[in-house]
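Subject: Structure for you to look at

Dear colleague,

I am handing over the structure below, and I would be grateful if you would look through it alongside the notes that follow.

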Amino acid sequence: MFKSKRTGAQLFFFLLQNPLLLNFFTGKIYRGRLKMICTPGLNCYSCPAAITACPVGAMQLFLAGANHGISLFVTGFLISVGAAFGRLICGYVCPMGFLQDLLYKIKTPKRIVRLRFARYIKYLILLFFVLILPFAALTGLSGLGEPWFCKYICPSGTVFGALPLLAVNELLWEFAGAQFIIKVLFAAGTLIAAVVVWRPFCRIFCPLGAFYSLFNKIAFIKMRCDKEKCTSCGSCSEACHIRLNPAKRPNSPECVRCGNCVSACKAKALRHDFRKT
């Protein structure tokens, strides 16, 4: 039940953020007033179908700009979304998460990979590539920084932005150098891995997931386990793609609220719930 509802929600939010699908065939990028609004998920500004901006990209542009300041609007938006939903955004709203979920549905042998230390890489990417380097690594001539995460890492920008634009505009290939090839290889590797391992980009590299994970334990919408109903059967952990234990840690920073554990719990001990004050 949860799986079909979540897939429907993911498709709805993908189209809500990217309604201009015809632009994939024309190569146009919407530049209207809605692009001043950030979307909660990792949805590239340069995606032809997008009508909103990516909060990670927007944050870097402010840090790298002439004033080298932090946007109170973007920061306030991210904190508000994180405090309200935590990583529920990753599970239901983010297009990059949706794409990886679709790839994971392909019928192949799956590997359960427990990330003991690799999961902390996303926090380093958030700290250095999103916050520090755009602000501190300035070019000598202009005195401006660069959007390091978008420019050197982001597979969402590559898949939903750069590649669709290159597919309909041959002139852009003149600017696609070695750096772009490296980004394509990274994106390709990420998507291939997503067929076998559940959400590798979200779990290891995504700075937005790292930010939202900080709010999972205090978010308004939480996961709850009724200890009186719980029989400690372990079904919830077995149903989890990354073998979390929702009965003991229902609000783990790695949980994206996919709901598999809720569906698997025969005792009905697990549920999504509003935070009780």
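The secondary structure of the protein chain comes to 14 helices and 2 strands, where helices (H or I, at least four residues) and strands (E, at least two) are DSSP runs numbered from the N terminus. Please keep in mind that this is a predicted model, in which local features need pLDDT of at least 70 and side-chain atom pairs count only at pLDDT 80 or more, while totals for chains, interfaces and linings use all residues. Residues are numbered from 1 along each chain as its sequence is written, and side-chain values use heavy atoms, with hydrogens and water left out.

Along the principal axes, the C-alpha atoms of the protein chain fill a box of roughly 65 × 40 × 35 Å. Of the 277 residues, 46% count as buried, that is, under 20% relative accessible area with a 1.4 Å probe and protein chains only.

Two helix pairs follow. Helix α9 (residues 155–168) and helix α10 (residues 178–196) pack at an angle of about 120°, with their axes 9 Å apart; axes are lines fitted to C-alpha atoms, for helices over the stretch in contact, and angles run from 0 to 180 degrees between N-to-C directions.

Helix α3 (residues 55–64) and helix α4 (residues 72–85) pack at an angle of about 150°, with their axes 9 Å apart. Here the contact involves Pro55, Ala58, Met59 and Phe62 of α3 together with Val74, Thr75 and Leu78 of α4.

Lastly, Thr26 lies in helix α2 (residues 23–26). Thr26 and Thr158 are 132 residues apart in sequence and 17 Å apart in space, C-alpha to C-alpha.

Note on methods: Buried means under 20% relative accessible area, exposed over 50%, partly exposed in between (1.4 Å probe, protein chains only). Contact means heavy atoms within 4.5 Å.
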